[in-house]
Amino acid sequence: MLTPVRPLIHTYIVELCRGNDFMIFSNQQDLQGLGKLWSVAARSRGSLIYLPTGKNPLTPYLVNDWHGRGLDLVLLHHHLQFPVKKWKVIRSNMKNGKRLSIESESVKADINRYMNLTGQDYERLWNEYPHDRLHVAKRFETLFLMGSSRVFRYMIGSFIDLSRTGPRISVPGRYHDHNHLDSFLKRNDKVAEDTSLTVDYYDQKTWGS
């Protein structure tokens with residue numbers, strides 16, 4: 001298990017009351033950290049990356065408008081076939097994870113390489129590599145995102161771009177900048193309603209709550 005040296009204390013992961021609708025709220029600094037963590041996840045084929053974001057106290061806006069408490073986050077490769085149903089027992093038996101730095105030159109190189117993907121690149125992910133896309137599961141107040149090196153790298157720009165644009169539009173209590181990550185997710189034709197995943201630029205100072 002890997003966990004970042006610097007905790008992402010301004011990241012909150014919440015779920016809508018209807019379920020299967022998850023939102024990641026982060027400020028500018030944490031959005032950059034998430035992009036770097038996605039780069040680490042792409043190269044950590046045999047490791048589980050664990051972010052105890054559920055410990056971050058929810059702000060008044062998040063408490064009033066979202067369901068339950070915040071969630072932890074786990075990133076891992078689907079080839080590991082991790083038994084998420086046993087997560088509660090596994091987590092209770094785990095010792096402190098190995099602390100990882102997200103400031104390496106390889107991480108910076110990954111970000112530079114995957115910040116300028118074209119529409120053709122995304123078409124390949126959707127049409128030629130559908131098995132690489134993310135599978136989402138929630139167990140024991142933890143959101144699991146299971147994918148491949150390709151999809152984790154393709155998602156880097158969603159976080160970095162949002163961190164760079166800043167709050168172009170922010171109306172407290174109504175709207176703020178966000179990126180939909182739904183196109184990176186696997187679809188299940190047997191389920192009437194698909195899972196939704198969004199990352200939102202959320203800064204308490206700007207947002208006012």
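Helix α1 (residues 28-43) packs against helix α4 (residues 105-113) at an angle of about 100 degrees, and the two axes lie 9 Å apart. Axes are lines fitted to C-alpha atoms, for helices over the stretch in contact, and angles run from 0 to 180 degrees between N-to-C directions. The angle makes α1 roughly perpendicular to α4; angles of 65 to 115 degrees fall in this class, those under 35 count as roughly parallel, those over 145 as roughly antiparallel and the rest as oblique. From α1, the contact (heavy atoms within 4.5 Å) involves Lys36, Ser39, Val40 and Arg43, and from α4 it involves Ser106, Val107, Asp110 and Ile111. Three of the residues in the contact of α1 with α4 are nonpolar, two polar and three charged. In this classification Ala, Val, Leu, Ile, Met, Phe, Trp, Tyr, Cys and Pro count as nonpolar, Asp, Glu, Lys and Arg as charged, and the others, Gly among them, as polar.

The structure is a predicted model, in which local features need pLDDT of at least 70, side-chain atom pairs count only at pLDDT 80 or more, and totals for chains, interfaces and linings use all residues. Residues are numbered from 1 along each chain as its sequence is written, and side-chain values use heavy atoms, with hydrogens and water left out. Helices (H or I, at least four residues) and strands (E, at least two) are DSSP runs, numbered from the N terminus.

Helix α1 also packs against helix α6 (residues 149-165): the axes come within 8 Å and cross at roughly 170 degrees. The two helices are therefore roughly antiparallel to each other. Residues of α1 in this contact include Leu31, Leu34, Trp38 and Ala42, and those of α6 include Phe152, Ile156, Phe159 and Leu162. By class, the contact of α1 with α6 comprises eleven nonpolar, six polar and two charged residues.

An open sheet of four strands is arranged in the order β2-β3-β12-β11, with mixed pairing. Two strands pair if DSSP finds at least two bridges between them. Strands β2 (11-15) and β11 (178-180) form the edges, each pairing on one side only. From one strand to the next, the twist averages 20 degrees. Five bridges join β2 to β3 (residues 21-26) in the antiparallel sense, and Val14 has Met23 of β3 as its bridge partner. Helix α1 lies across β2, β3 and β12 (196-201), at about 115 degrees to β3. Helix α6 packs on the sheet as well, where it touches β11 and β12, and its direction makes about 30 degrees with that of β12.

Strands β3 and β12 run parallel and are joined by six bridges, with Phe25 opposite Asp200 in β12. Strand β12 is mostly covered, since six of its six residues are buried, where buried means under 20% relative accessible area, exposed over 50% and partly exposed in between (1.4 Å probe, protein chains only). Both faces of β12 are covered: Ser196, Thr198 and Asp200 are buried on one side, and Leu197, Val199 and Tyr201 on the other.

A search of the whole structure finds ten aromatic pairs. Rings of Phe, Tyr and Trp (its six-membered ring) pair if their centres lie within 6.5 Å; planes under 30 degrees apart count as stacked, over 60 as edge-to-face and the rest as tilted. Phe25 and Tyr202 form an edge-to-face pair, with 5.4 Å centre to centre and 70 degrees between the planes. This pair links distant parts of the chain, 177 residues apart: Phe25 is in strand β3, and Tyr202 is in the loop between β12 and α7 (204-207). Both Phe25 and Tyr202 are buried. Tyr114 and Tyr154 form a tilted pair, at 6.3 Å centre to centre and 45 degrees between the planes. Tyr114 lies in the loop between α4 and α5 (119-127) and Tyr154 in helix α6, so the pair ties together parts that are 40 residues apart in sequence. Tyr114 and Tyr154 are both buried. One aromatic cluster is formed by Tyr50, Phe82, Trp87 and Phe144.
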